[in-house]
Amino acid sequence: MNVTQVSWKAKELTVGQVAERSGVAVSALHFYERKGLIASRRTAGNQRRYRRDTLRRVAFIRVSQRVGIPLSRIREALAALPEERTPTREDWARLSEQWRTELDARIRQLEKLRDDLTGCIGCGCLSLERCVLSNPYDACGRQGPGPRHLLVGGAPGSPDFLEPPRGCAD
C-alpha cells in the first residue's frame, strides 16, 4: 500500500492524512476525539486539522489498547502529561510500569480461567460437585456482583481486588 507523502514541514494534517499515516479509520479518530484522547482545530470551512504530533498520540493509544489498557485509563494518562503533550519515551516507561500491575492481574485471571476450564466440559458438566465454576444457591453472591470464581486479584482499590475464592461459603 502506498501512503501519500506529506511534507515534513507540514505542521497540521487532515483527518484523512492522519488516518492514512496511522492506519486508523477516520471514524476511530473521530471517536478518539470525542473521548478526549486527541484534539483538532477547525478551519474556516469547519474541517478538522490535527497537529503533526497527533500521529504519535494515536500510536500511543493503539499500543496501549493492544496490551489491554482501557481507553479511560489511556485518557487519564494523556491528560496527566504537561500541557497534554505527546508522550515521550520516558512517559511510556513510567506509564507502562504503572500498568504492569494491572496487566499482571489480568494475566493471572486469564491463567486461572484457562486452568479452571481445562477440566470443564462446558455447560452441563459431568460433575457439578467438582466444578470450580458452579455456584449452588448463589453462595458467592455475598462477595459482590460478577463472576466471583473468575475474578482474581485486580488492582488494589478496584472491585475485582480479592483473593482467588476456593469456595464461597462463609
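Which residues does threonine 86 touch, not counting residues up to four places away in sequence?

## Threonine 86

They are Asp53, Arg56, Arg57, Leu81 and Asp91. Keep in mind that this is a predicted model. Threonine 86 sits in the loop between α4 (71–79) and α5 (89–118).

Is threonine 86 buried or exposed? With a relative accessible area of 6%, it counts as buried, because the cut-off for that is under 20%. Its side chain also makes a polar contact, at 2.9 Å, with the side chain of aspartate 53.

## Helix α1

Now for helix α1, which covers residues 15–22. Its buried residues are Val15, Val18 and Ala19. Looking down the axis of α1, you'd find these buried residues within an arc of 100 degrees, so they line one face of the helix. The general rule behind this is that an α-helix has 3.6 residues a turn, so residues three or four places apart point the same way.

What do the buried residues of α1 pack against? Their partners are β1 (12–14), α2 (26–34), β3 (48–51) and α3 (54–66). After α1 comes glycine 23, with a positive phi near 75 degrees.

## The whole protein

Stepping back, the protein has five helices and three strands, and along the sequence they run β-α-α-β-β-α-α-α. Of the 170 residues, 29% are buried.

Take the contacts between residues at least 6 apart in sequence: 50% of them join residues at least 24 apart. The protein exposes about 11,500 Å², with carbon and sulfur atoms supplying 54% of that area.

Methods: Residues are numbered from 1 along each chain as its sequence is written. This is a predicted model: local features need pLDDT of at least 70, side-chain atom pairs count only at pLDDT 80 or more; totals for chains, interfaces and linings use all residues. Side-chain values use heavy atoms; hydrogens and water are left out. Helices (H or I, at least four residues) and strands (E, at least two) are DSSP runs, numbered from the N terminus. Buried means under 20% relative accessible area, exposed over 50%, partly exposed in between (1.4 Å probe, protein chains only). Contact means heavy atoms within 4.5 Å. Accessible areas come from the Shrake-Rupley method with a 1.4 Å probe; for residues, only the protein chains shown count as cover. The arc is that of the directions from the helix axis to the C-beta atoms. A polar contact is a pair of N or O atoms within 3.5 Å; within protein, one must be able to donate a hydrogen and the other to accept it, and residues adjacent in sequence count only if both atoms are side-chain atoms.
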